[in-house]
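Please read this briefing alongside the sequence and the 3D view. It goes through the model topic by topic.

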Amino acid sequence: MTTNDNDGLVVLAVDDEEPALMELAYLLEQDQRVTTVLKANDSISALRILTGGDQVNLGGFGTPPSGMAAPAKQSDVDVLFLDIRMPGLDGLELAQVLSRYVIPPSVVFVTAHDDRAVEAFDVGAVDYLLKPLRPERLYASLTRILASRGTTVPVEPAVEEEGDDEVIPVELAGTTKLVQRSTVRWVEAQGDYARLHTTEGSHLVRIPLSVLEERWSDAGFVRIHRSYLVALPLITELRLAGSGYVVRLGNGNQPGEVAELPVSRRHTRELKDRLVRSTKQAWGRR
């Protein structure tokens, strides 16, 4: 699906709870980059809208009743803002159905539950928003979607609240631990997984490094290597070592306080520029 350069987004909001659906639709309508907001109370109604009311083949999830008139065809919907826990076909199952489309719409989950994020990104979600939904978080999500689509719809920078800190659910031996982004020092790619190195240890999550790079760029994380993403404010040294550069994180003498990571040639220039800019900004605030 494509959005014309001069057009905004056509969005479909899906939630089985009417108050939550109305609130989500209202917030979306306040964003000038959204031209149309469609609403559905369940996954089957959402699929009817996506297909223009045609009979839908769910590929193993069953077949809904015959279609109804709908205000948009499949190719008209750019983004779904989708609840997870709904009766019948839930949000994750709907996302699986959409992933079979040749050109699927973007999917953003909006849920009160923080324990399904790993599954959400496994089915290709662009973002994962927690209820109660904050307008600035929704704005940032739309900005990310527009950037990924390469559109030229004008956007203003999202304002992130002071103290705003994303939480990453980590599954370990049947227990879900919530890791705050602010505790992550660097991230290491391990195939389709990423290992979060924090002040207390490391945690493996089923989120590709590229996804975290995009999601955390505004929070000060910068890619230094195909395998590493680091928190820029924690870099205390960039130096030439052998045939390339390395960064040093931390200054302490305790085990785990200091880490040295390689910087690839393709990322060296950008990293130097980011370090210089961040230093100037820090001095400018004094």
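**Arg137 and the overall picture**

Apart from neighbours within four places in sequence, Arg137 is in contact (heavy atoms within 4.5 Å) with Asp127, Tyr128, Leu129, Arg144 and Arg215. This is a predicted model, in which local features need pLDDT of at least 70 and side-chain atom pairs count only at pLDDT 80 or more, while totals for chains, interfaces and linings use all residues. Residues are numbered from 1 along each chain as its sequence is written, and side-chain values use heavy atoms, with hydrogens and water left out.

**Whole protein**

- The secondary structure comes to 7 helices and 15 strands; helices (H or I, at least four residues) and strands (E, at least two) are DSSP runs, numbered from the N terminus.
- Of the 286 residues, 45% count as buried, where buried means under 20% relative accessible area, exposed over 50%, and partly exposed in between (1.4 Å probe, protein chains only).
- The accessible surface is about 15,100 Å², and 48% of this belongs to carbon and sulfur atoms. Such areas come from the Shrake-Rupley method with a 1.4 Å probe, and for residues only the protein chains shown count as cover.
- Among contacts between residues at least 6 apart in sequence, 52% join residues at least 24 apart.

- Arg137 has its place in helix H5. Its relative accessibility is 17%, so Arg137 counts as buried.
- Val126 sits in the loop between helix H4 (117-122) and strand E5 (127-130).
- Val126 and Glu214 are 88 residues apart along the chain, and their C-alpha atoms are separated by 9.9 Å.
- Ser43 lies in helix H2 (residues 43-50). Ser43 counts as buried because its relative accessibility is 1%.
- Leaving out residues up to four places away in sequence, Ser43 touches Val14, Met86, Leu89, Asp90 and Leu94.

**Helix H1**

- Helix H1 (residues 18-29) has 12 residues, which should span 16 Å at 1.5 Å a residue; the end C-alpha atoms are 16 Å apart, so the two values agree. The expected span is 1.5 Å times one less than the number of residues.
- Which residues of H1 are buried? They are Ala20, Leu21, Leu24, Ala25, Leu27 and Leu28.
- Seen down the axis of H1, the buried residues fall within an arc of 165 degrees, so they line one face of the helix. The arc is that of the directions from the helix axis to the C-beta atoms.
- An α-helix has 3.6 residues a turn, so residues three or four places apart point the same way.
- The buried residues of H1 pack against strand E1 (9-14), strand E2 (34-40), strand E3 (79-82) and helix H5 (135-149).

**Strand E4**

- In strand E4 (residues 106-111), 6 of its 6 residues are buried.
- Both faces of E4 are covered, with Ser106, Val108 and Val110 buried on one side and Val107, Phe109 and Thr111 buried on the other.
- E3 and E4 run parallel and are joined by 4 bridges. Leu80 has Val107 in E4 as its bridge partner.

**The five-stranded sheet**

- An open sheet of 5 strands has the order E10-E9-E8-E12-E11, with antiparallel pairing; two strands pair if DSSP finds at least two bridges between them.
- Strand E10 (202-205) and strand E11 (221-225) are at the edges with a single partner strand each, so one side of each is left without a neighbour in the sheet.
- Neighbouring strands of this sheet are turned by 20 degrees against each other on average, direction ignored.
- Strand E8 (residues 184-190) and strand E9 (residues 193-198) run antiparallel, joined by 6 bridges. The bridge partner of Ala189 in E9 is Ala194.
- Helix H6 (residues 209-216) packs on the sheet, where H6 touches E8, E9, E11 and strand E12 (228-231). The direction of H6 makes about 150 degrees with that of E8; axes are lines fitted to C-alpha atoms, for helices over the stretch in contact, and angles run from 0 to 180 degrees between N-to-C directions.

**The three-stranded sheet**

- A further open sheet has 3 strands in the order E13-E14-E15, and the pairing is antiparallel.
- Strand E13 (235-241) and strand E15 (259-263) stand at the edges with a single partner strand each, so one side of each lacks a neighbour in the sheet.
- From one strand to the next, the twist averages 25 degrees.
- E13 pairs with strand E14 (residues 244-249) in the antiparallel sense over 6 bridges. In E14, Arg248 is the bridge partner of Glu237.
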